[in-house]
Amino acid sequence: LFTLIFILSAVSISQKISGNIHTEYSSAKKAQSRFFENWTDISLSRGGFRLGGRFSFHEPPASFSQQDTTWGLAQRFLEYKRGGLNIRVGNFYSLLGRGLVLRSFDNRTLRWDSNIDGLKADYHSQVVDAKILAGRPRKTRLDVAELKKSKARAAGETLPAIYGGEIRLKPYTMLHLGGTYLYTAADAQQTQGFQRGSFFGKLYFDFASLYGEYAVLPYPESYHLQDGTAVYFASNLFLGDLNIAGEFKSYKNFAFYDGLLNNPPTATREHLFTLFNRHQLVQNVNDEKGFLVEMNYPVAESGVVTAGYCITRDSLQNTVYQEWYGQFEMDEFLGGEWLWAAGRQKEYTRRYLNFVADATYELTDYYSIKVIYEHLHARDEATQPDRMYYDQLITIGLSKAPKWTLSFLGEHSTDQTMDEHYVPGHAETKHFYWAGGQLDVNVYKNFDLSVF
């Protein structure tokens, strides 16, 4: 497997023309691991105006493949900014509230692009913020007929048009109040559209901040669906050196269009490490309720301890996802910077134990070395009684700041298999090994190249 990632960003000619080129290429023996993808963004600015477009070529990996090879003009826009006013015609991304009603975004790692083609206008002042939008969102999960479509457009397929906006009142520095509204036009299967909206508020204090949002989705009778509700709260508490953060969520029948148009907060921890990230919550906005609490506190002279817990259940009280997490960082330990982390993750009948040790040492003023060891032990009784396996991953990187990083990655994993001679508790254990190298280079500040 050979993978090349090329990024050329923020190139400016006389501060009028700028661009960004992102290319990913992989060559492998297996067809499902071969791909070539390119995103090229170009914009021209003059005064308060900006004209731009995205040209793309996609031959995606099999695991993300949505259509046949596509190429051409994927996005285009004309934008005008003056003072607190911003008007954009063409393709754009937008967020209403905290994403309960609408969150459109671009995630190239997941090959997810839910941009909206239409009109968006924002206005910001000291006492009020307002936003209106209208357009057709890109469809990010295609049906069978669309997957087999030949000569697919680079801009992709679209969902029915949406119309809405948000208003936020700021009568006091410490108090924000607002609401969102969104209407979706009828599609080919329905004779009428549907609407949803939310109310939200935020309080700021010297010792805390609080946010709450309540959203409703009243489906028309012709949809034969139960009305949806969504509740989300978030808070931060500052007690001297102790910081405590909390989130609460309760989502019911709120994944309109299978969750393609909204992406509410998950109330789970986002991890930076590979094995921790392999098992995360698969969000179901139609049926989930849970919370997250996390605290951090400085210890010793250069240490910080972090501890957290989160849990998500469905309406039947099944534990969809649960995690205990602990982390200890030290800026100065044995001559380097160290981090240790451990956690226990659970999803239904699967349980995962994680451990991470991360150390960084400065060799000279320019050179440094980083070593990360990750270990995961799993017990999975959903697919096989008493099934257990583990993964071990080590990453060693040598860097010359800010020019380049050369990394080695190696993984050892096991698994238990069943055959006609299987005896409960005595399944055969198989071992698997994987290794690779990666070079990341930055040239002239605007050029990034990754070779794997």
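In which sense do strand E20 (residues 303-313) and strand E21 (residues 319-333) pair, and over how many bridges?

Modeller: This is a predicted model, in which local features need pLDDT of at least 70 and side-chain atom pairs count only at pLDDT 80 or more, while totals for chains, interfaces and linings use all residues. Residues are numbered from 1 along each chain as its sequence is written, and side-chain values use heavy atoms, with hydrogens and water left out.

Strands E20 and E21 pair in the antiparallel sense, over 11 bridges. Strands (E, at least two residues) and helices (H or I, at least four) are DSSP runs numbered from the N terminus, and two strands pair if DSSP finds at least two bridges between them. Within this pairing, Ile311 stands opposite Gln322 in E21. The two strands form a hairpin with five residues between them. In its turn, Gln317 has a positive phi of about 70 degrees.

E21 also pairs with strand E22 (residues 336-347), in the antiparallel sense and over 10 bridges. Here Gln327 stands opposite Ala341 in E22. E21 and E22 form a hairpin too, with two residues between the strands. In this hairpin Leu334 takes a positive phi near 55 degrees. In a regular strand the side chains alternate between the two faces of the sheet.

Next come two histidines. His279 lies in the loop between H2 and E19. His279 counts as buried because its relative accessible area is 14% (buried means under 20%, exposed over 50%, partly exposed in between, with a 1.4 Å probe and protein chains only). Contact means heavy atoms within 4.5 Å. Not counting residues up to four places away in sequence, His279 touches Tyr321, Gln345, Glu347, Tyr352, Leu376 and Tyr389.

His176 is in strand E14 (residues 175-184), and it is buried, at 12% relative accessible area. With its neighbours within four places in sequence left aside, its contacts are Arg168, Leu169, Lys170, Phe200, Gly201, Lys202 and Tyr204.

The term covers a side-chain nitrogen of Lys or Arg within 4 Å of a carboxyl oxygen of Asp or Glu, and the structure holds 17 of them. In this one, Asp391 pairs with Arg278, and the closest N and O atoms are 3.7 Å apart. Asp391 lies in strand E25 (residues 387-400) and Arg278 in the loop between helix H2 (274-277) and strand E19 (287-299), so the pair ties together parts that are 113 residues apart in sequence. Asp391 is buried, at 10% relative accessibility, whereas Arg278 is partly exposed, at 40%.

Elsewhere, Arg50 forms a salt bridge with Glu79, with 3.1 Å between the closest N and O atoms. This pair links distant parts of the chain, 29 residues apart: Arg50 is in strand E4 (residues 49-59) and Glu79 in strand E5 (residues 70-82). Arg50 is partly exposed, with a relative accessible area of 27%, but Glu79 is buried, with 8%.

Asp106 belongs to strand E9 (residues 106-107) and Arg54 to E4, so parts 52 residues apart in sequence are tied together. Asp106 counts as partly exposed at 30% relative accessibility, and Arg54 as buried at 8%. Both residues belong to a network of salt bridges that links Asp41, Arg54, Asp106, Arg108, Asp113 and Arg138.

That leaves the nonpolar cores. A nonpolar core is a set of buried Ala, Val, Leu, Ile, Met, Phe, Trp, Tyr and Cys residues joined through side-chain atoms within 4.5 Å. The largest has 28 residues, and Leu102, Leu133, Ile162, Leu182, Phe254 and Phe256 have the most contacts inside it. The elements that give it two or more residues are strands E15 (194-204), E16 (208-217) and E17 (228-239). Beyond its neighbours within four places in sequence, Leu102 is in contact with Ser94, Leu95, Leu96, Ile116, Leu133, Ile162, Leu182, Leu261 and Asn262. Apart from this core lies another, of seven residues, including Phe273, Phe276, Tyr325 and Val356.
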